[in-house]
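The sequence and structure are shown first.

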Amino acid sequence: MVLKVFFPSCCSSADSGILIGRWISEQNSAVILAVVHFPFIPVQVKQYLGEVQRVTKVSVSVLGSWSNSKQEKEESLSEFLEDLGTIFCHEPWIQISKEGDSKFWSCSTLQKHSKNPQEEEIILVYYDQRKVMLSHLHPPLDTAGQGAEDASKLSAIFDTVARSQVLFMTDRYDEGPIKLTHWQSDGVEASIIVELLKQASVPACMLLTFLLSLLSGICRSRVLKFWPLSFLWSKLSTCEQLGHRLQHLQVISSNKKAQNQNQLMRKANIFVSLLVDVALGILLMSWLYRKNCIGHLADTLIPVADHVAEELQDLLQWLMGAPAGLKMNRALDQVLGRFFLYHIHLWISYIHLLSPFIEMILWYVGLSACLGLTVALCILSDILALLTFHIYCFYVYGARLYCLKIYGLSSLWRLFRGKKWNVLRQRVDSCSYDLDQLFIGTLLFTILLFLLPTTALYYLVFTLLRLLVVIVQGLIHLLVDLIDSLPLYSLILRLCRSYRLAAGVKFRVLEQQDEKPLRLLMQINPLSYGGVVQTYRLPTYSCYPRDSWASLCKKLFLGELIYPWKHKGDKQN
């Protein structure tokens with residue numbers, strides 16, 4: 001049989017002593033957790049291991065002896081270490097010794113109580129105890145008592161190290177009767193400041209939770225469900241982003257302990273995302289108020305709006321003539337052109353009416369950046385939607401008129417073929433028409449067909465303008481979603497401590513020699529950056545339509561309204 005001994009690399013230079021760990025009989029494996037140094041009293045060692053086993057629910061025992069011949073030169077030491085096997089009584093008794101300056105180790109087993117001792121092939125596997133402890137490749141700690149561990153898998157090794165955390169938590173200034181060597185041999189130094197912050201965070205989180213629950217109760221009140229407020233709350237992206245951040249604050253300030261690693265990483269990612277968002281917002285606010293940038297923006301906004309209005313007027317004058325040499329229906333062309341010119345005149349009057357208050361509005365918008373860069377970007381998107389409201393109106397008018405003519409032509413075309421649309425059965429059925437119906441249908445079809453190019457040209461121009469505004473708003477919301485959903489904490493862990501986000505393990509052969517144990521090094525494979533983003537990505541509130549190009553072209557041809565995004569609440573946990 002093959003005996004696998006998992007030895008922590010931090011104990012390779014430890015003084016001679018005994019090996020304590022867990023024996024996994026199903027795998028014929030031994031997981032070494034620490035080395036107990038001389039001198040020690042066997043009774044105290046057994047009491048200490050009993051306390052550790054009672055707390056961790058891990059069957060920790062003395063598995064063998066460790067001899068570092070470089071530090072110990074007494075010849076009787078090896079005999080004394082062999083005699084310890086009769087005191088602690090473990091089968092098999094593992095003996096590991098380091099041969100001076102040689103890189104080869106000797107590892108053997110003793111089976112004193114076995115009648116037919118068999119020679120076993122030994123594989124010595126080195127592992128980094130700290131990385132295994134923090135890699136989270138083991139089962140969750142709360143399911144340890146429910147039989148979650150599977151001894152036939154490598155996760156049992158990780159589970160043993162993770163559940164033995166109490167064994168490693170030794171105070172630096174506590175001189176106990178037993179001296180151990182493990183990955184925290186120097187001990188943990190208690191920090192008064194950290195303890196005070198932990199104690200102060202509890203009432204602070206309770207106060208924040210109360211304020212957030214009060215604020216969320218106000219947001220869910222019936223006052224906001226009436227028509228004007230409910231309409232604004234559903235249409236303004238700023239309100240949606242504030243509600244999204246409110247949910248994030250409730251998750252962070254919750255006093256419920258994270259049940260698993262994914263929930264813990266989600267809380268940490270949300271916390272870091274909020275910190276980065278607020279920091280970027282404060283930087284933006286400091287830049288806006290540093291050199292009177294708001295005054296310059298307010299002075300620039302009115303001339304830009306006038307310039308855009310003049311360009312639209314020139315565009316409409318071009319459409320009312322002979323655009324690109326096309327022959328348009330002059331009567332309809334003049335009616336549509338004057339109709340849209342009147343709307344531009346109303347728009348210019350609206351902008352100049354707001355001109356005295358624009359600087360004050362921008363000043364308060366700059367203050368909102370302290371809530372985060374995403375809130376400022378959402379306000380910018382809403383301001384852009386308000387400033388281009390006339391373009392949206394032009395697009396809706398053109399789309400509705402074009403859609404009406406397209407559906408009218410399609411209905412009249414079915415009349416020529418002796419068909420009609422059955423509303424009840426949602427299908428096209430045969431139908432017989434009399435002469436008067438065919439004559440009126442022919443007249444209407446001819447009129448709509450000759451008026452279609454004029455309407456289609458106006459619809460095409462205003463659709464392109466609307467798509468330009470939608471693309472700008474989509475880029476803004478794409479940046480907002482990137483800040484909201486990017487798992488920054490997980491990416492920082494992947495960059496600095498990749499073993500915290502482990503995807504598996506691999507083994508590297510250190511040495512292989514005849515009559516010597518095979519020495520392997522267990523290394524942890526980290527997740528790729530794409531895997532980190534895909535695994536720990538945070539949900540966002542905006543759901544972009546995933547229409548295909550064929551569906552989008554069909555909507556454009558039929559004159560259906562196109563929206564840049566659809567708001568959807570964050571329903572994920």
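**Terms and model**

A residue is called buried under 20% relative accessible area, exposed over 50%, and partly exposed in between (1.4 Å probe, protein chains only). The model is predicted: local features need pLDDT of at least 70, side-chain atom pairs count only at pLDDT 80 or more, and totals for chains, interfaces and linings use all residues. Residues are numbered from 1 along each chain as its sequence is written, and side-chain values use heavy atoms, with hydrogens and water left out.

**Loop residues with positive phi**

Lysine 57 sits in the loop between helix 1 (42-56) and strand 4; helices (H or I, at least four residues) and strands (E, at least two) are DSSP runs numbered from the N terminus. Its phi is positive, about 60 degrees, although lysine 57 is not a glycine. Lysine 57 is classed as exposed because its relative accessible area is 61%.

Asparagine 28, in the loop between strand 2 (17-24) and strand 3 (29-37), also has a positive phi, near 55 degrees. Asparagine 28 has 10% relative accessibility and therefore counts as buried.

**Strand pairing**

Strands pair if DSSP finds at least two bridges between them. Strand 4 (residues 60-68) and strand 5 (residues 93-98) run parallel and are joined by five bridges; asparagine 68 is partnered with lysine 98 of strand 5.

Strand 5 and strand 6 (residues 105-110) run antiparallel, with six bridges. Here isoleucine 96 has cysteine 107 in strand 6 as its bridge partner.

**Helix 12**

Tyrosine 364 belongs to helix 12. With a relative accessible area of 51%, tyrosine 364 is exposed.
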